[in-house]
Amino acid sequence: MAASVLGLAGAAAIVVPSLSAGASTAELVVDYACTGGIAQSGSGTVRLRTKVTVPTVVNVGEPLNVGWKLNYRDVTRFGAPARLPQGGKIEVTGNIQLAGAWEGVLRPMGSVDQPDAMVKGSPLDLPEGISDFAHIDRAGTLKVTPRKLFVDFRPPASEVMVNDDDPEILYSDGWQDLNDQDSQNNDHHLDLHRTTSAGKWAQFTFTGTGVEYVAQKDQRAGPVDILIDGQPGSPPRIDPSKNDDGSTVNDANKGGQTLWRFRGLPYGEHKVEIRSVDDGKWTQLDAFRVITRELVSPPKDYRAECNLVSAPVSVNVTIGDPATEQPSPGGSNSGDPSGTSNPSGEPSSSPSGSVVSPPPGGSTPTPTPSKSPGGSPSPTPSQSKLTSVVVIGSPTPTITTTITLPASTPTSPQVKVTPKGGAQTGEAPETPRSPAALLIGSGGAMVFGGVFSGVVLLRRRAAHANDRSRTV
């Protein structure tokens with residue numbers, strides 16, 4: 001059964017492998033242009049070539065499976081939105097419109113982890129494919145049309161150390177870049193920045209949910225003001241020369257210390273800034289630690305939207321119902337829905353409710369004529385074999401009807417049929433010839449004969465007695 005393809009134009013194409021009796025799928029080749037989100041942090045506009053596989057014939061009760069293979073069409077790529085220590089995850093969501101037998105939307109989904117650490121703009125891998133299915137509960141024709149794609153990026157939970165000499169950290173004038181520090185100081189990468197002038201600042205823009213300020217604790221250090229997104233942090237000022245109780249530390253060049261932290265920011269881009277307060281006191285920066293907590297859903301700012309670069313392409317799916325295609329039970333090769341056969345090919349005229357079957361012993365019943373409701377006999381091999389027995393010897397004859405049962409279970413109830421004169425024949429009952437008069441006459445003759453015989457016998461006995469008396 002062939003697929004119906006609609007709206008083919010532009011860069012969209014369709015590949016139908018073979019729509020013979022054994023084929024059941026069509027493959028749509030659809031191109032997309034993606035913008036925004038991780039497309040913007042990559043090539044700006046990213047072009048995709050996709051293949052959508054849709055079954056063209058399914059049955060009620062079977063799933064309608066839709067698969068979607070994804071590939072970059074050219075050298076354009078999605079790009080990492082920020083510095084990441086161990087990659088992240090690309091998640092792609094499709095949009096399939098269903099119309100016809102019912103209305104709905106399928107949302108095929110797929111994802112792939114990015115294997116390596118990356119900086120902003122690093123190329124991202126696509127998942128090989130996405131898929132979804134719909135439950136089929138009715139027959140008909142369903143039009144399947146691919147629509148937009150959405151490509152999201154989910155960053156991993158992570159902690160990233162950003163060293164003081166990172167180019168993304170901006171410094172005002174008056175800072176010294178101190179390298180090759182003593183390893184015993186425990187400075188990150190054995191270097192740091194330092195200023196001894198008041199009002200000097202260092203700024204860092206990061207992406208995450210929190211940030212920490214790392215530097216030395218030293219009795220020569222002075223107070224530092226900290227701002228987050230242009231507002232005073234919490235706390236707004238720290239002093240690396242003091243203990244938590246306000247006493248002066250006894251340490252010198254104790255590096256790698258987290259002096260201030262801020263958590264609970266909404267995931268996104270933020271800016272942290274430190275400022276020196278006193279002249280003649282050290283204000284130092286060793287590193288910033290960027291925190292990203294595990295996210296429930298991908299950030300909306302990273303979503304790229306992919307639109308078709310041509311008119312939409314559709315496939316018509318034929319949904320069949322196997323229940324309506326099965327043969328009805330009780331059928332026979334002869335095509336007779338009643339399940340009986342008529343070897344002579346003549347129409348049957350047996351009374352309603354009669355059953356045709358071979359008699360016991362397996363022999364084929366001999367066709368016998370029977371009267372139809374119209375009264376004319378006709379040979380019907382498909383009739384039941386009826387045997388009527390009339391028992392004489394009572395004032396009213398008893399009629400017994402015998403019906404030979406079929407070898408298989410009949411398809412209709414068996415009905416006792418009165419051969420003649422019953423309600424089903426439509427004929428007037430015949431007047432039975434009663435033998436009562438004959439019996440009465442015969443009885444009377446026998447009685448009369450008995451009496452007469454007795455009289456004759458008595459006379460013979462009397463005459464014999466008279467003869468004997470005379471002789472004496």
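Colleague: Why is His189 called exposed?

Modeller: This is a predicted model, and in it His189 has a relative accessible area of 57%; since exposed means over 50%, His189 is therefore classed as exposed. His189 lies in the loop between strand S14 (176-178) and strand S15 (192-195), and its phi is positive, about 60°, although it is not a glycine.

Colleague: Why does Asn253 count as partly exposed?

Modeller: The relative accessibility of Asn253 is 21%, and because buried means under 20% and exposed over 50%, Asn253 falls in between and counts as partly exposed. Asn253 is found in the loop between S19 and strand S20 (254-262), with a positive phi near 55°.

Colleague: What makes the aromatic pair of Trp260 and Phe262 stacked?

Modeller: By the rule for ring pairs, the count comes to 9 aromatic pairs. For Trp260 and Phe262 the centres are 6.1 Å apart and the planes 25° apart; the rule asks for centres within 6.5 Å and, for stacking, planes under 30 degrees apart, so this pair is stacked. Trp260 is buried, with a relative accessible area of 3%, whereas Phe262 is partly exposed at 22%.

Colleague: How do you know that the charged end of Arg194 sits over the ring of Trp282?

Modeller: The charged end of Arg194 is 3.7 Å from the centre of the Trp282 ring, and the distance part of the rule asks for CZ of Arg within 6 Å of the ring centre; the rule also requires a position within 35 degrees of the ring normal, and the Arg194 charge is listed as sitting over the ring.

Notes. Residues numbered from 1 in each chain as written. Predicted model: local features only at pLDDT ≥ 70, side-chain atom pairs only at ≥ 80, totals over all residues. Heavy atoms only, no water. Helix = DSSP H or I, 4+ residues; strand = E, 2+ residues; numbered from the N terminus. Buried < 20%, exposed > 50% of the residue type's maximum accessible area, 1.4 Å probe, protein only. Phe/Tyr/Trp six-rings, centres within 6.5 Å; stacked < 30°, edge-to-face > 60°.
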